[in-house]
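I opened this notebook page to record, in order, what I looked up in the structure.

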Amino acid sequence: MTVTQDITLNPADWMTQIPRNVYLSELSLPGSWYSVLEEYQGKGVSIANQYAAGVRAFDLDCRLTGQTSSSSSALRLVCAGTDGVGTAGSDYVSGVLVLDKMKEIGALIANNPEEYVVVVLTVAEKPMTRKPALASEIS
């Protein structure tokens with residue numbers, strides 16, 4: 001016997017509507033690559049916008065910088081990309097702190113405790129020397 005059920009999913013909380021006996025490993029999570037780069041996500045598309053649209057896997061491509069914050073002498077970990085701060089075509093390091101983006105994601109989870117989020121955090125020592133290729137540019 002096959003049982004089917006019509007489910008209307010709301011992108012903002014679609015995971016809450018999945019039956020409890022479905023494992024996370026059985027799902028294909030919608031995700032965004034270079035999650036903070038406007039060139040990939042669109043101008044003004046934030047992590048919160050992506051989450052509301054159903055994205056549950058985020059890629060934070062990061063760089064260590066020699067700059068220190070005013071409250072710490074440690075190296076800063078920043079998101080790669082322009083984000084309106086860096087200059088396109090230069091070093092592609094933004095002024096966006098990874099910690100700030102992780103707090104933003106944490107707040108989304110806190111407001112939706114039945115949801116899951118996957119964060120892929122890539123850390124490189126040097127800034128990007130070139131803009132990453134868009135999917136449309138790869139042949």
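By contact I mean heavy atoms within 4.5 Å. I also note at the outset that I am working from a predicted model.

**Entry 1: Asp13.** I located Asp13 in the segment before S1. Not counting residues up to four places away in sequence, I found that Asp13 touches Arg56 and Glu115. I then checked the side chain, where a polar contact of 3.3 Å joins Asp13 to Gln17. I also looked up the spacing to Tyr51, which lies 38 residues from Asp13 along the chain, and the C-alpha atoms of the two are separated by 8.9 Å.

**Entry 2: Arg56.** From Asp13 I followed the contact to Arg56, which I placed in the loop between H2 and S2. Which residues does Arg56 contact, once its neighbours within four places in sequence are left aside? I listed Pro11, Ala12, Asp13, Trp14 and Met15, then Leu29 and Pro30, then Tyr51, and finally Glu115, Tyr116, Val117 and Val118.

**Entry 3: Tyr34.** I next looked at a backbone angle, and I noted that Tyr34 has a positive phi of about 50° although it is not a glycine. Tyr34 sits in the loop between strand S1 (31-32) and helix H1 (38-41). I classed Tyr34 as buried because its relative accessible area is 14%, and the limit for that class is under 20%.

**Entry 4: the core.** I looked up the largest nonpolar core, which has 15 residues, and those with the most contacts inside it are Val36, Ile47 and Phe58. Helix H2 (47-52), strand S2 (57-65) and helix H3 (98-111) each supply at least two residues of this core. As background I wrote down that nonpolar side chains tend to be buried together in soluble globular proteins.

**Entry 5: the whole chain.** I counted 3 helices and 5 strands in the protein chain, and from the N terminus on I read their order as β-α-α-β-β-β-α-β. Of the 139 residues, 29% count as buried. I recorded an accessible surface of about 8,900 Å², of which 54% belongs to carbon and sulfur atoms. Finally, among contacts between residues at least 6 apart in sequence, I noted that 57% join residues at least 24 apart.

Terms used
Residues numbered from 1 in each chain as written. Predicted model: local features only at pLDDT ≥ 70, side-chain atom pairs only at ≥ 80, totals over all residues. Heavy atoms only, no water. Core = buried A, V, L, I, M, F, W, Y, C linked by side-chain atoms within 4.5 Å. Buried < 20%, exposed > 50% of the residue type's maximum accessible area, 1.4 Å probe, protein only. Helix = DSSP H or I, 4+ residues; strand = E, 2+ residues; numbered from the N terminus. Polar contact = N/O pair within 3.5 Å; in protein donor to acceptor, adjacent residues only side chain to side chain. Areas by Shrake-Rupley, 256 points an atom, 1.4 Å probe, with all protein chains shown as cover.
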